[in-house]
Amino acid sequence: MNLAYIPSPSHGVLYLGPIPLRGYAFCIIIGVFVAVWLGNKRWIARGGRAGTVADIAVWAVPFGLVGGRLYHVITDYELYFSDGRDWVDAFKVWEGGLGIWGAIALGALGAWIGARRRGVPMPAYADAVAPGIAFAQAIGRWGNWFNQELYGRETHVPWALHITSSEGGRVPGYYHPTFLYESLWCVGVGFLVIWADRRFKLGHGRAFALYVAAYCVGRGWIEYMRVDDAHHILGLRLNDWTALIVFLLAVAYMVVSSKKRPGREAVVEPGVLDVPAEDDGEADGKPDTEAKAEAAVQTEADGKSEADGKPEVTVKAGAGESAGDTAEPEAAQAEAEDEAESAKKG
């Protein structure tokens, strides 16, 4: 018996009256919220409008859920369509079973539809939401903990996961918490993408490709540790082959894209640059009050420059007016002297 271990929850669902509150679903919902929140901040920093990420996510999230479930059902069809199985279980998403590969693939299709409707370049949007997706996966993996699923080989390390359920062929015992390993790996991937994006100014989908490549590296060794049933090809689990192929495609995209389209997109959302600074409270990323102060100083400087640069005709006219003002008192003095001289003669 292990003296230190990670306990499993006694059950993964609570009931609020007749309404079931499932831990697996909560993890997915929280993950989606984090991805949209962070993606929105990054999108605004890139020059996009607030709310665009959420509007496109309305398309991406449902497509992603359907894609994730389809991938799982197709690759583990025997769990739902073999003898003694009920095919209706294929629709019970809350019981677990979302393949990230299908979720990303079909989710990208949904995002593409939403991006086209908003006139937004899909690669720029993917770059903005990439680290948020990694953090969402990290949170979503804890849904496997609630369901006591997707654990690794038996172990006696202090952080072993204690499986207590015997449903679905489980054998109670202590196992590697592969859900935790992948969760921590995804957190690292998210921070890696944020750092690399700031350091190298990744654009045109390269931040998203980095997320995909980095995730595949971790998924490869974590998948190798798992003991749940899976299809094998040449001695490797199907998901290991998927991770390898997707990794190579992501790296190839980064290399080709950096040569053909270096740098970042100058504009990520049409029309944003036409919005006056007063409307968004910022000018060139500065607070509204600071922008107005700088504008006043600039106006004063322009006024001085304009006065110094007046045409020659204007300057001459000003000189004539000044001469006229000086001549008027001199004429009056001469007239007074003439009158005095006449009085003496008289």
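At what angle do α7 and α8 pack, and how far apart are their axes? In this predicted model, the angle is about 160°, and the two axes lie 9 Å apart. Angles over 145 degrees count as roughly antiparallel, so α7 is roughly antiparallel to α8. Their crossing is right-handed.

To see where these two helices touch, look along α7 for residues including T178, Y181, W185, V189 and L192. On the α8 side, the partners include A207, L210, Y211, W221 and M225. Sorted by class, the contact of α7 with α8 has 16 nonpolar, two polar and three charged residues.

Now turn to a second pair of helices. Helix α1 spans residues 23-45 and helix α5 spans residues 122-140; their axes come within 8 Å and cross at roughly 150°. Therefore α1 and α5 are roughly antiparallel to each other, and their crossing is right-handed. On α1, the contact is made by residues such as C27, I30, V34, L38 and W43, while α5 brings, among others, Y125, V129, P131, I133 and F135. This contact of α1 with α5 has 16 nonpolar, four polar and two charged residues.

Next, the open spaces. The second largest pocket has a volume of about 1,200 Å³. A total of 43 residues line this pocket, and those nearest its centre are I100, A103, I104, I133 and Y211. The elements that give two or more residues to the lining are α1, α2, α4, α5, α8 and α9. Which element gives the most to this lining? That is α5, with nine residues. By class, the pocket lining has 34 nonpolar, seven polar and two charged residues.

Which residues line the largest cavity? They are R141, N144, L150, T178, F179, E182, I222 and R226. Here helix α7, residues 178-200, gives the most, with three residues. The cavity lining has three nonpolar, two polar and three charged residues.

Terms used. Residues are numbered from 1 along each chain as its sequence is written. This is a predicted model: local features need pLDDT of at least 70, side-chain atom pairs count only at pLDDT 80 or more; totals for chains, interfaces and linings use all residues. Side-chain values use heavy atoms; hydrogens and water are left out. Axes are lines fitted to C-alpha atoms, for helices over the stretch in contact, and angles run from 0 to 180 degrees between N-to-C directions. Helices (H or I, at least four residues) and strands (E, at least two) are DSSP runs, numbered from the N terminus. Angles under 35 degrees count as roughly parallel, over 145 as roughly antiparallel, 65 to 115 as roughly perpendicular and the rest as oblique. A crossing is left-handed if the near helix is turned anticlockwise from the far one by less than a right angle, and right-handed if clockwise. Contact means heavy atoms within 4.5 Å. Ala, Val, Leu, Ile, Met, Phe, Trp, Tyr, Cys and Pro count as nonpolar, Asp, Glu, Lys and Arg as charged, and the others, Gly among them, as polar. On a 1 Å grid over the protein atoms alone, a cavity is a set of points where a 1.4 Å probe fits but cannot get out, and a pocket is an open set with protein on both sides within 12 Å along at least five of seven lines; lining residues have an atom within 4 Å of a point. Grid points are joined across faces, edges and corners, and a volume is the space filled by probe spheres set on the points.
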